[in-house]
Amino acid sequence: MAVAKEARADVRPPARSLPEGTEEYMVHRVMQRVDVVLDQRLREAIATVVQEQTRSVLPRLREEIESVVRHAVYEAVADELASAHPDAPQG
């Protein structure tokens with residue numbers, strides 16, 4: 001039984017010659033299809049990674065933005081108070 005399976009595995013269809021340029025055309029078409037699929041899948045994969053990274057960075061970004069805004073408001077209020085009272089000491 002094993003011998004019969006091996007014999008069938010060795011049987012190959014006769015080699016057919018393709019018309020001139022067919023192989024190159026097929027390779028070109030397959031590469032175009034692969035390119036489209038790769039482009040789509042890579043975009044999806046990159047979008048997923050960017051979303052995951054954004055979610056992990058978002059809390060730290062919020063803290064940093066809050067700190068920057070708070071400091072900017074503090075300085076603006078201090079500058080406004082100092083300009084309202086020119087004889088007051090500036091810090």
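Let's start with Arg43, which counts as exposed at 57% relative accessibility. Here, exposed means over 50% relative accessible area, buried means under 20%, and partly exposed covers the range in between, with a 1.4 Å probe and protein chains only.

The model is predicted, so local features need pLDDT of at least 70 and side-chain atom pairs count only at pLDDT 80 or more, while totals for chains, interfaces and linings use all residues. Residues are numbered from 1 along each chain as its sequence is written, and side-chain values use heavy atoms, leaving out hydrogens and water.

**The chain as a whole.** The protein chain has 2 helices and 0 strands; both kinds of element are DSSP runs numbered from the N terminus, with helices (H or I) of at least four residues and strands (E) of at least two. Of its 91 residues, 1% count as buried. The chain exposes about 9,100 Å², and carbon and sulfur atoms supply 60% of that area. Accessible areas come from the Shrake-Rupley method with a 1.4 Å probe, and for residues only the protein chains shown count as cover.

**Salt bridges.** How many salt bridges does the structure hold? There are 4, each defined as a side-chain nitrogen of Lys or Arg within 4 Å of a carboxyl oxygen of Asp or Glu. Among them are these:

| Pair | N to O distance |
|---|---|
| Asp39 and Arg43 | 3.0 Å |
| Arg60 and Glu63 | 3.7 Å |
| Glu64 and Arg60 | 3.3 Å |

Asp39 is partly exposed, with a relative accessible area of 37%.

Further along, Arg60 and Glu63 both lie in helix α2, 3 residues apart, or about one turn of the helix. Glu64 and Arg60 are also both in helix α2, at a spacing of 4 residues, again about one turn. Through shared partners, salt bridges join Arg60, Glu63 and Glu64 into one network. Glu64 counts as partly exposed, at 37% relative accessibility.

**A side chain reaching the backbone.** Thr48 is also found in helix α2, and its side chain reaches the backbone oxygen of Glu44 at 2.9 Å. With a relative accessible area of 38%, Thr48 is partly exposed.

**The nonpolar patch.** Which residues make the nonpolar surface patch of about 660 Å²? They are Val57, Leu58, Leu61, Ile65, Val69, Val73, Val77 and Leu81. Patches are built from residues with over 30% relative accessible area and no salt bridge; like charges are joined within 9 Å, and nonpolar side chains (Val, Leu, Ile, Met, Phe, Trp, Tyr) within 5 Å. Leu81, one of the patch members, lies in helix α2, which spans residues 22-84. At 54% relative accessibility, Leu81 counts as exposed.

Terms used: Polar contact = N/O pair within 3.5 Å; in protein donor to acceptor, adjacent residues only side chain to side chain.
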